[in-house]
Amino acid sequence: MGATPSIVWFRDDLRVGDHPALHAAVERGDPIVAVYVLDEDSNGVRPLGGAAKWWLHHSLASLAGDLRDRGVRLVLRRGPARRVIRSLVDEVGAGAVFWNRRYGGAEREVDAELKSGLSDDGLEVRSFGASLLFEPWTIRTGSDTPFSVFTPFWKACLAADEPRHPLPAPSELDGFGGADGRGGPAGDDLDDWELLPTHPDWAGGLRETWEPGEPAAHRRLRAFLADDLADYATGRDRLDREQTSRLSPHLRWGEISPHQVWHSTRERAAGTEGARKFLAEVGWREFAWHVLFHFPELATKNWRSEFDAFPWPRLHPSTLTAWERGRTGVPVVDAAMRELWHTGGMHNRARMITASFLTKNLLIDWRRGEQWFWDTLVDADHASNPFGWQWVAGSGADAAPYFRVFNPELQREKFDPDGRYVGRWVPELDDGDSPEPIVDLRETRAAALAAYEHVKAAK
């Protein structure tokens with residue numbers, strides 16, 4: 001009997017190191033078919049935003065090169081994943097399909113149906129944990145319920161078995177049809193997917209700011225651990241400093257695994273305050289996925305159902321546009337929104353400030369802001385993006401108390417005391433051009449607290 005190829009289905013894990021599905025295919029011993037499916041058609045799957053598509057293009061190009069160097073061609077196909085994967089199985093006569101798990105509701109449905117159907121057809125089908133340190137169903141309260149507060153959640157994680165050590169990247173792979181793919185299945189040309197903006201090309205700032213791909217992810221981690229981790233605990237909230245890891249898009253696209261980040265950090269600086277605080281931030285990422293796993297509607301529904309009673313006023317599109325474009329007249333808000341538009345990224349402190357301003361000063365539904373961030377952030381993912389918005393809005397798990405309305409002027413004084421951050425993105429302030437804010441901060445805070453009374457009454 002001839003070889004029956006193993007299909008490795010890449011998703012949000014665009015790397016060759018610490019890739020359990022690829023590792024399993026190597027251990028199985030038969031030739032490997034590597035495939036990425038751009039699925040914007042399956043029911044419930046959320047189409048990518050513009051900035052995410054830019055990153056995906058370059059990340060796939062990097063992955064394709066890394067696989068080609070090892071002897072495997074990356075096959076690109078587009079369409080509903082159930083149909084595409086089944087078609088590929090038949091086309092190559094596959095004997096096994098391996099993938100690393102996804103945790104969104106719609107994606108889990110696709111994966112479960114495929115695993116069941118292909119297993120019934122006699123294939124070996126296996127999924128692996130690769131994107132999270134702790135599987136969401138393994139961390140439970142003493143009452144065997146999902147956690148809803150971060151601190152006890154992270155305490156339970158730290159009390160669990162230590163995350164596994166990363167798997168090595170294979171140096172050589174046996175590709176089905178060879179590295180050039182001439183004897184293997186056909187695939188799309190990446191450029192034909194038109195993931196990059198062209199008319200107009202608005203991605204200049206993204207190109208200046210980021211370098212997608214697995215090699216760049218590891219360079220970023222090494223630089224952060226060497227240069228910034230020591231002062232991370234005290235400097236991470238400063239808007240005017242490059243004190244954060246800037247690993248979020250690399251983690252979002254799986255160019256580096258949380259296991260690699262975890263063990264590299266502990267090997268470098270175990271027991272230090274910087275390492276403890278940084279790994280706790282990795283823990284917040286875990287918590288967001290934990291919440292999404294148990295509440296798949298996180299991007300569209302209030303986690304706290306009593307917030308359904310919140311009386312959002314009629315939307316004024318011009319007000320929303322002013323926030324999106326950084327034209328609110330509130331300097332730190334405008335700086336953050338312009339940074340986002342130019343770079344596809346935003347400091348976490350700035351995300352909290354801008355989200356609080358939208359939901360509590362402008363009284364615009366958090367879902368409007370979440371959608372804008374989904375379209376403009378290179379690191380927008382299914383969990384952290386809506387989780388963060390609901391946390392600030394007060395409707396989410398372990399949410400900030402509603403009365404905690406971030407005063408953007410006080411935030412600016414504390415986290416950009418010399419004005420370098422605001423000065424970079426709002427240079428007109430240096431010319432004395434300081435437009436009036438579109439709302440009064442004191443009055444709108446009072447209006448938000450009055451609106452919240454409807455939520456309190458609904459409890």
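What follows is a set of questions and answers on this predicted model, with each value set against its criterion.

Q: What makes the pair Arg236 and Glu281 a salt bridge?
A: The closest N and O atoms of Arg236 and Glu281 are 3.5 Å apart, and because the criterion asks for a side-chain nitrogen of Lys or Arg within 4 Å of a carboxyl oxygen of Asp or Glu, the pair qualifies as a salt bridge. Arg236 lies in the loop between helix H8 (232-235) and helix H9 (248-252), whereas Glu281 belongs to helix H11, so the bridge ties together parts that are 45 residues apart in sequence.

Q: Which label does Glu281 receive, and why?
A: At 24% relative accessibility Glu281 counts as partly exposed, because buried is under 20%, exposed is over 50%, and partly exposed is in between.

Q: How do you know that Arg349 and Asp237 form a salt bridge?
A: Their side chains meet at 3.5 Å, N to O, and a salt bridge requires such atoms to be within 4 Å. Arg349 is in helix H14 (residues 348-361) and Asp237 in the loop between H8 and H9, so this pair ties together parts that are 112 residues apart in sequence. With a relative accessibility of 9%, Arg349 counts as buried, and Asp237 is buried as well, with a relative accessible area of 18%.

Q: Why does Glu286 have no salt bridge?
A: The nearest side chain of opposite charge, that of Arg285, is 4.3 Å away from Glu286, whereas a salt bridge needs the nitrogen and oxygen to be within 4 Å, and Glu286 is therefore buried without such a partner. Glu286 lies in helix H11 (residues 273-294), and, leaving aside neighbours within four places in sequence, its contacts include Phe134, Trp154 and Pro258.

Q: What makes Asp191 count as buried or exposed?
A: Its relative accessibility is 53%, and because exposed means over 50%, Asp191 counts as exposed.

Definitions and conventions
Residues are numbered from 1 along each chain as its sequence is written. This is a predicted model: local features need pLDDT of at least 70, side-chain atom pairs count only at pLDDT 80 or more; totals for chains, interfaces and linings use all residues. Side-chain values use heavy atoms; hydrogens and water are left out. Helices (H or I, at least four residues) and strands (E, at least two) are DSSP runs, numbered from the N terminus. Buried means under 20% relative accessible area, exposed over 50%, partly exposed in between (1.4 Å probe, protein chains only). Lys and Arg count as positive and Asp and Glu as negative; His and the chain ends are not counted. Contact means heavy atoms within 4.5 Å.
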